[in-house]
Amino acid sequence: MFEVTVKLGDRLVTKYRGQGETTIGRDPGCELMLDNLGVSRRHARLREVEDRYIIEDMNSTNGVFVDGRRISTAATVNPGDEIKIGKFILTLQRAVQEVAVEPAFDINKTIAMEGMAPPSAEREEPKFVASVMREVFHKVGCNWIKATPANYKVYYGSQEEAVGDGKRPCRTCFPPGDRF
């Protein structure tokens, strides 16, 4: 079993946990989908063979790079090696088997002691959303963001939070002249 951390620049895009064989590409049928035109539909294959990991380029247009070197045949990948596919940086690690543990207590069922504030209500629903690969943020109901897969979305509670993260407002959600 292995875990692949996918980053775009410094931003975490997703973590994928797999075993056996994993197809990586832009096609929604791939186990690890990377939604970017720099990624071929079926770009690469990552295989776990006994205690080794092997990656191979599936005749992609832009290639697969392991620690900065383009591979032309199947290559062994070690935990911690950097795999570059399109603009994405993938880092492979051995997955640690998680053991289900019963929580020691439920904060929502804990009785507040005198002088303590009661447990807070659940977090507010986010009002704004952006794709991790775009510089624009939208209102949650905007049609422009609905087609973006959930694991590529970043949610914000306020416009200021989105702007502070380097995002600009969508022109459909916030027409010119409207104050946002």
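Predicted model: local features only at pLDDT ≥ 70, side-chain atom pairs only at ≥ 80, totals over all residues.
Which residue in E13 does phenylalanine 128 stand opposite? It stands opposite lysine 139.

E14 has two faces worth looking at. Val154 and Tyr156 make up the covered face, while Lys153 and Tyr155 are on the uncovered one.

Now the other sheet on my list. It is open as well, with five strands in the order E4-E3-E5-E6-E9 and mixed pairing. Its edge strands are E4, 32–33, and E9, 75–77, and each of them pairs on one side only. E6, residues 52–57, runs antiparallel to E9, with three bridges between them.

Next, the interior. In soluble globular proteins, nonpolar side chains tend to be buried together. Here the largest nonpolar core has 39 residues, and Ile55, Ile85, Phe88 and Leu90 touch the most other members. The strand that gives the most to this core is E1, residues 2–8, with four residues. Take isoleucine 55 as an example. Setting aside residues up to four places away in sequence, isoleucine 55 touches residues including Leu46, Val64, Val66, Ile71, Val77 and Ile83. Arg45 and Thr73 are also among the residues it touches.

Strand E1 also holds threonine 5. Is threonine 5 buried or exposed? Threonine 5 counts as buried because its relative accessible area is 15%, and the cut-off for buried is under 20%. Beyond its neighbours within four places in sequence, threonine 5 is in contact with Leu12, Thr14, Lys15, Ile89, Leu90 and Thr91.

The largest pocket has a volume of about 290 Å³. E13 and helix H1, 143–146, are the elements that give two or more residues to its lining. There are 13 lining residues, and Asp35, Ser131, Arg134, Trp144 and Thr148 lie nearest the centre. By class, the lining has seven nonpolar, four polar and two charged residues.

Last, two residues with backbone angles to note. Most residues other than glycine have a negative phi, and most peptide bonds are trans. Asparagine 59 has a positive phi of about 60 degrees and is not a glycine. Asparagine 59 sits in the loop between E6 and strand E7, 64–66. It counts as exposed because its relative accessibility is 78%, and the cut-off for exposed is over 50%. Aspartate 67 also has a positive phi, near 50 degrees. Its place is the loop between E7 and strand E8, 69–70. At 44% relative accessibility, aspartate 67 counts as partly exposed.

That is the end of my list.

Key. Residues numbered from 1 in each chain as written. Heavy atoms only, no water. Pairing = 2+ DSSP bridges. 1 Å grid on protein atoms, 1.4 Å probe; cavity = no way out; pocket = protein on both sides within 12 Å on 5 of 7 lines; lining within 4 Å. Points joined across faces, edges and corners; volume = space filled by probe spheres on them. Nonpolar A, V, L, I, M, F, W, Y, C, P; charged D, E, K, R; others polar. Core = buried A, V, L, I, M, F, W, Y, C linked by side-chain atoms within 4.5 Å. Buried < 20%, exposed > 50% of the residue type's maximum accessible area, 1.4 Å probe, protein only. Contact = heavy atoms within 4.5 Å.
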